[in-house]
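Biologist: Could we go through this model together? I would like to start with its overall make-up and then turn to the packing.

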Amino acid sequence: MIRTQRLAAGVCALLATLAAGLAFPAAAEAGEPTSGANAKVDLVLDVSGSMRTRDIDGGTRMAAAKQAFNEVLDATPEDVQLGIRTLGANYAGNDRQTGCKDTAQLYPVSTLDRTEAKTAVATLSPTGWTPIGPALLKAAADLADGDGSKRIVLITDGEDTCAPLDPCEVAREIAAKGIGMTIDTLGLVPNTKLNKQLSCIAEATGGTYTSVEHTDELTDKVNQLVDRAADPVVTPVATEGATQCTDAPTLKSGLYTDRDEFGQQRWYKVDLEPGKELRASVSVAADRTVNPSYGVLLRAVTVHGREIVRGESAGNGRTDVISTGLRYPKAQSDADDAPAETVCLQVTNSFSPAAGVKTTPGMPLELTVDVVDGPSKASDVASFGLGRGWWLLGVLVLAGFVAGLLWGWLSRWRVAVWRTN
């Protein structure tokens with residue numbers, strides 16, 4: 001009896017596997033622009049006087065950073081161009097204006113010469129101020145050339161000492177340029193104020209913030225970020241939406257970035273051929289403090305203002321990113337020369353800034369546009385809510401019917417053998 005149950009279960013599993021293979025066709029490629037250029041990483045290290053503090057595994061913070069850098073340099077992938085920039089490494093005086101300019105490129109962003117880079121790191125000694133904002137601006141310039149992925153990794157043990165140049169605002173300005181640069185931050189001290197500043201810097205560019213208190217943690221995290229830079233990525237294309245559809249840019253399949261002011265409408269256009277389906281999604285990130293209860297609306301509208309379909313999503317302050325999407329299939333035309341339809345995409349948000357929060361630049365907006373082959377009958381795309389799941393439902397019904405017949409036959413055979421015995 002156990003054998004017959006196993007046999008029946010195996011048959012059912014086989015049929016279900018075949019059904020899944022038939023029901024889920026391969027996903028369409030979006031045709032998003034990618035780059036084969038080498039990834040670039042600029043490690044920005046705090047060498048201010050506080051790095052002399054001995055509180056990491058019995059040694060100084062500077063010693064822990066040097067050890068971590070040596071191990072990272074050994075493990076850096078060959079296809080990653082890596083550079084090292086310092087802040088607070090050269091000026092030990094008390095002149096604020098001079099100290100806030102103290103950032104220098106220790107090793108240029110280039111193909112890595114491990115021996116030369118290690119030698120440069122060995123010369124570092126904790127010295128002066130903590131000009132994080134100026135260092136980030138210089139690091140962005142270090143990575144300006146080229147089309148590959150670009151990542152800044154900031155390692156520091158203290159807050160910026162060069163206000164009013166707020167490093168968080170600097171990070172937002174870098175993100176607003178639309179050059180796809182990510183800033184990751186690592187804090188060597190579990191300090192609430194430092195954590196808040198480093199988190200703000202990272203969130204402004206879609207990066208990560210990590211608090212580390214041990215040398216091996218620092219090594220592992222920096223290695224992880226350098227390796228992540230080498231992964232294939234989709235490079236978003238910077239665009240600028242209009243305030244009305246007639247002036248909107250025409251987009252093709254791809255991934256786009258823009259900036260969305262509080263309560264602002266952004267318009268884009270897509271040309272949709274007969275027999276094609278438009279799939280669009282949008283994400284807006286609250287990279288600064290906003291009031292709770294907000295939403296994002298994405299509408300597909302004709303050039304005459306008639307709404308075709310919409311997608312909307314609401315939030316209550318528990319997440320920093322809110323997303324929504326829509327699908328619109330255009331029916332196949334009998335005429336060979338049928339013109340494409342211009343579809344207007346409208347993005348609207350209901351974010352409101354908290355008291356004292358700057359409203360410019362706008363919040364990061366990411367728009368995905370994908371034009372794929374539409375279903376055979378565009379009007380039946382929903383299929384009563386099942387979409388192409390009708391195929392799966394039909395195959396599963398057939399699989400259940402066949403499995404039931406097999407199970408019934410095996411049961412009768414088992415009973416017959418039992419009666420004979």
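Modeller: The discussion below covers the fold, the nonpolar cores, a helix pair and an aromatic pair.
Modeller: This is a predicted model, in which local features need pLDDT of at least 70, side-chain atom pairs count only at pLDDT 80 or more, and totals for chains, interfaces and linings use all residues. Residues are numbered from 1 along each chain as its sequence is written, and side-chain values use heavy atoms, with hydrogens and water left out.

Biologist: How many helices and strands does the chain have?
Modeller: The chain has nine helices and 17 strands, taken as DSSP runs numbered from the N terminus (helices H or I, at least four residues; strands E, at least two).

Biologist: What percentage of the residues is buried?
Modeller: Of the 421 residues in the chain, 45% are buried (under 20% relative accessible area with a 1.4 Å probe, protein chains only; exposed is over 50%, partly exposed in between).

Biologist: Which residues touch the most other members of the largest nonpolar core?
Modeller: Leu43, Leu45, Ile155, Leu186, Leu218 and Val226 do, in a core of 33 residues. Such a core is a set of buried Ala, Val, Leu, Ile, Met, Phe, Trp, Tyr and Cys residues joined through side-chain atoms within 4.5 Å.

Biologist: And which element gives the most to this core?
Modeller: Helix α2 does, with seven residues.

Biologist: What is Val226 in contact with, leaving aside its neighbours within four places in sequence?
Modeller: Val226 is in contact (heavy atoms within 4.5 Å) with Val41, Leu43, Val72, Thr76, Pro77, Val80 and Leu82. There is also a second, separate core of 27 residues, which includes Leu272, Ala280, Val347 and Met363.

Biologist: Changing topic, at what angle do α6 and α7 pack?
Modeller: Helices α6 (residues 167-176) and α7 (residues 192-204) pack at about 5 degrees, with axes 8 Å apart. Axes are lines fitted to C-alpha atoms over the stretch in contact, and angles run from 0 to 180 degrees between N-to-C directions. The two are therefore roughly parallel (under 35 degrees; over 145 is roughly antiparallel, 65 to 115 roughly perpendicular, the rest oblique).

Biologist: How many aromatic pairs are there?
Modeller: The structure holds one. Tyr294 and Phe351 are stacked, at 4.5 Å centre to centre and 20 degrees between the planes. Rings of Phe, Tyr and Trp (its six-membered ring) pair if their centres lie within 6.5 Å; planes under 30 degrees apart count as stacked, over 60 as edge-to-face and the rest as tilted.

Biologist: Are those two residues buried or exposed?
Modeller: Tyr294 is buried at 5% relative accessible area, and Phe351 is buried at 4%.
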